[in-house]
Amino acid sequence: ASFSAFDEAVAGNENVGAADPAWFFNSASADYHLSVMGAAVFADIARWTSGDPLFDIDGDDPRSGVDGTMEHAGADLP
């Protein structure tokens, strides 16, 4: 895997691993929207590719829609 985020360390190119609860708004309540700290960590580590969603999981933040564009990793855009 490359250009991805995981909850543990994973070999590959440009991966982020070992999740920190401070990366999320309120992980104890299962609110995994990114916090300010998480937004900084996840910025520009994923690449949008053809077939990826054009909007984040909430449907309110658009993705780039351009192959190869670096974006925040994860389902939700901050």
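## Ground rules

Numbering starts from 1 along each chain as its sequence is written. Since the model is predicted, local features need pLDDT of at least 70 and side-chain atom pairs count only at pLDDT 80 or more, while totals for chains, interfaces and linings use all residues, and side-chain values use heavy atoms, with hydrogens and water left out.

## Aromatic rings

Rings of Phe, Tyr and Trp (its six-membered ring) pair if their centres lie within 6.5 Å; planes under 30 degrees apart are stacked, over 60 edge-to-face, and the rest tilted. That gives 2 aromatic pairs here. In one, the ring centres of Trp23 and Phe42 sit 5.2 Å apart with planes at 90 degrees, so this pair is edge-to-face. Trp23 is in the segment before β1 (24–26) and Phe42 is in helix α1 (residues 36–42), 19 residues apart. (Helices are DSSP runs of H or I, at least four residues; strands are runs of E, at least two; both are numbered from the N terminus.)

Phe42 also pairs with Phe24, this time tilted, at 6.3 Å centre to centre and 50 degrees between the planes. Phe24 belongs to strand β1 and Phe42 to helix α1, so the pair ties together parts 18 residues apart in sequence. Put together, ring pairs link Trp23, Phe24 and Phe42 into a cluster.

## Buried or exposed

Buried means under 20% relative accessible area, exposed over 50%, and partly exposed in between (1.4 Å probe, protein chains only). Trp23 and Phe42 are both buried, and Phe24 is buried too.

## Positive phi angles

Ala30 isn't a glycine, yet its phi is positive, about 60 degrees. You'll find Ala30 in the loop between β1 and β2 (31–34), and Ala30 is exposed, with a relative accessible area of 53%.

Asp44, also not a glycine, has a positive phi of about 55 degrees. Asp44 lies in the loop between α1 and β3 (46–47).
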